[in-house]
Amino acid sequence: MPLNTILLLGAALFCIGLAVVVTRKNAIAVLIGIELMLNAANLNLVAFSRFDAVELQGQIFALFVITVAAAEAAVALAIVIKVYQHFQMANLDKINELKG
């Protein structure tokens, strides 16, 4: 599979994730969009690493990104659960009242 095809797939996944983050109001859907964008970045890192057989920095960096994404998902989900317990909703526009 050529590098261009993999990069186009990664760009498409990133655009879909960005569209989900921008258009959705549900906190869980926004988290799914962020995870999709991080996975698209990982796909690009692994694709570049595949075409450079000597260096494995892309794959190692992808492992770090996966670790950070897992930690981010756990912390964000805990925050969403606490906010849902307090407000009884996960709508990001309605939860804007936390500023005051």
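Leaving aside neighbours within four places in sequence, Asn42 is in contact with Ala62, Val65 and Ile66, where contact means heavy atoms within 4.5 Å. Asn42 lies in helix α2, and at 8% relative accessibility Asn42 counts as buried. The term buried denotes a relative accessible area under 20%, exposed one over 50%, and partly exposed the range in between, with a 1.4 Å probe and protein chains only.

The structure is a predicted model, in which local features need a pLDDT of at least 70 and side-chain atom pairs count only at pLDDT 80 or more, while totals for chains, interfaces and linings use all residues. Residues are numbered from 1 along each chain as its sequence is written, and side-chain values use heavy atoms, with hydrogens and water left out.

Apart from neighbours within four places in sequence, the contacts of Ser49 are Glu55, Leu56, Gly58 and Gln59.

The secondary structure of the chain consists of 3 helices and 0 strands, in the order α-α-α along the sequence. Here helices (H or I, at least four residues) and strands (E, at least two) are DSSP runs, numbered from the N terminus. The radius of gyration of the chain is 17 Å, well over the 13 Å given by the globule rule for 100 residues, so the chain is more spread out than a compact globule. This radius is taken over C-alpha atoms, and the rule is 2.2 Å times the number of residues to the power 0.38. Along the principal axes, the C-alpha atoms fill a box of roughly 55 × 25 × 20 Å.

Of the 100 residues of the chain, 22% count as buried. Among contacts between residues at least 6 apart in sequence, 58% join residues at least 24 apart. The accessible surface comes to about 7,000 Å², and 72% of this surface belongs to carbon and sulfur atoms; the areas come from the Shrake-Rupley method with a 1.4 Å probe, and for residues only the protein chains shown count as cover.

The chain averages a pLDDT of 87, and 96% of the residues score at least 70. Among the elements, helix α1 (residues 3-23) has the highest mean pLDDT (95) and helix α3 (residues 57-87) the lowest (87).

Note on methods: pLDDT is the predictor's confidence in each residue, from 0 to 100.
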